[in-house]
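Okay, everyone, thanks for coming. Let me put the structure up and then walk you through a few spots.

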Amino acid sequence: MRSNASSDPARIPVVAAAVRTPIGRINGTLAAVEPASLAAPLIRRILAETGLAPDAVDDVILGNAANSAGNLARLAALEAGLPVAVPGLTVDRQCGSGLEAIALAARLVQAGAGRFYLAGGTESTSRAHLRLRPPAMPGGMPEPVPRARMAPDAIGDPDMGIAAENVAAHAGISRVRQDAFALESHRRAVAARKAGRFDGEIVPVETPGGVVAQDECPRENTSLEKLAGLNPVFRPEGTVTAGNACPVNDGASVVLVTSLAAARALGLAVLLEIVDSVTVGVDPNLLGLGPVPAVHTLAARNAGLDAARVPFLEFNEAFAAQVLACLDCLGIDPAAVNRDGGALALGHPYGASGAILVTRLFAQMRDAAEGTTALAMMGIGGGMGIATLFRKV
């Protein structure tokens with residue numbers, strides 16, 4: 001599909017394994033676990049499942065948005081027991097960090113820079129460092145920094161919730177549609193959990209309170225009546241509530257990115273080619289619309305791609321308003337997206353969420369026919385969007 005695609009199996013990047021932790025609520029089941037310690041058992045599990053030798057890993061590339069703890073990828077690699085010769089790289093593209101890390105690993109495989117990359121993301125909002133700005137005047141008190149700046153004031157740098165309200169108003173997304181979409185996300189996630197569809201991708205995490213093996217946030221007892229009774233959070237007259245916005249979360253996800261040739265040499269049967277990935281910028285005031293031009297650019301670079309006809313679609317559900325606005329623009333039926341629920345139910349551990357989308361696609365496409373395509377899409381803080389195209393090989 002891509003004009004610059006290589007026909008050399010040693011240069012065709014694939015996802016050859018994908019796992020994640022359970023997703024916990026902020027100050028919830030995973031609150032005591034540092035972000036590197038969330039990623040380390042995933043690294044060990046991938047090595048065990050694939051038979052990949054630890055010293056064969058060329059790099060560990062992990063996304064992170066909130067922890068400000070140095071090079072978390074390097075720390076996770078060492079904590080996982082990888083040799084000291086294996087480096088680590090931490091990527092910060094905010095919510096898109098985990099998906100960007102996977103795309104970067106794919107580009108390195110395409111370039112022939114290496115053969116085996118452990119890529120993904122890890123995030124602990126529970127363990128995020130407190131940020132202080134030095135006092136403006138000598139003798140003054142340090143000032144708390146509630147969040148990082150994403151854009152200059154001259155352009156506009158709204159909080160995420162206000163940006164979601166902007167998108168809802170701009171695109172005409174009603175409160176009723178948002179609540180209905182959120183309810184369906186919970187219904188699908190609860191059904192998937194009961195059916196055991198998450199079991200193969202989740203690596204249990206040891207915590208001081210015991211082993212955590214299930215996602216914390218999907219709610220079986222929610223309803224349209226309960227969602228309709230919630231007050232708007234960000235604007236008194238708004239439509240975005242705690243029920244149609246994602247929770248704040250902890251979690252990690254790691255995938256093995258390698259070449260088609262190397263994966264086959266390891267005897268790995270389930271492979272998703274990383275066909276192409278695009279990241280674009282948009283108006284930060286409407287940051288949730290970023291996936292729309294990202295998908296359009298992806299389609300322009302990959303002849304024949306029609307997002308509305310792609311059978312496997314994962315879209316990060318930061319806010320129902322944002323998802324619905326993007327899907328409307330792209331002509332995608334909301335019922336076709338996130339077949340096992342999304343971040344509104346499962347949660348959104350910022351820097352890990354993009355990798356979680358890929359892990360979900362990897363699990364869902366296990367029995368798909370060769371040539372079946374998939375898309376992972378995300379909006380990104382600061383006014384960006386990322387879309388990545390996969391194909392079963």
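I'll go through a strand, then a helix contact, then an aromatic pair. Keep in mind that this is a predicted model.

So, strand S11, residues 272-281. Eight of its ten residues are buried, so call it mostly covered. Who are its partners? On one side of the story there's S14, residues 384-392, which runs antiparallel to S11 and is joined to it by nine bridges.

Now the helices. H3, residues 97-111, packs on H11, residues 350-364, at about 60 degrees, and the axes are 4 Å apart. With that angle, the two helices are oblique to each other. What meets what? From H3 you have Ser 97, Gly 98, Leu 99 and Ile 102, and they meet Gly 351, Gly 354, Ala 355 and Val 358 in H11. By class, that's four nonpolar residues, four polar and no charged ones.

Last stop, the aromatics. How many aromatic pairs does the structure hold? One. That's Phe 234 with Phe 319, edge-to-face, 6.3 Å centre to centre and 75 degrees between the planes. Phe 234 sits in the loop between H6 and S10, and Phe 319 in the loop between S12 and H9, so the pair ties together parts 85 residues apart in sequence.

Notes. Residues numbered from 1 in each chain as written. Predicted model: local features only at pLDDT ≥ 70, side-chain atom pairs only at ≥ 80, totals over all residues. Heavy atoms only, no water. Buried < 20%, exposed > 50% of the residue type's maximum accessible area, 1.4 Å probe, protein only. Pairing = 2+ DSSP bridges. Axes fitted to C-alpha atoms, helices over the stretch in contact; angles between N-to-C directions. Parallel < 35°, antiparallel > 145°, perpendicular 65-115°, else oblique. Contact = heavy atoms within 4.5 Å. Nonpolar A, V, L, I, M, F, W, Y, C, P; charged D, E, K, R; others polar. Phe/Tyr/Trp six-rings, centres within 6.5 Å; stacked < 30°, edge-to-face > 60°.
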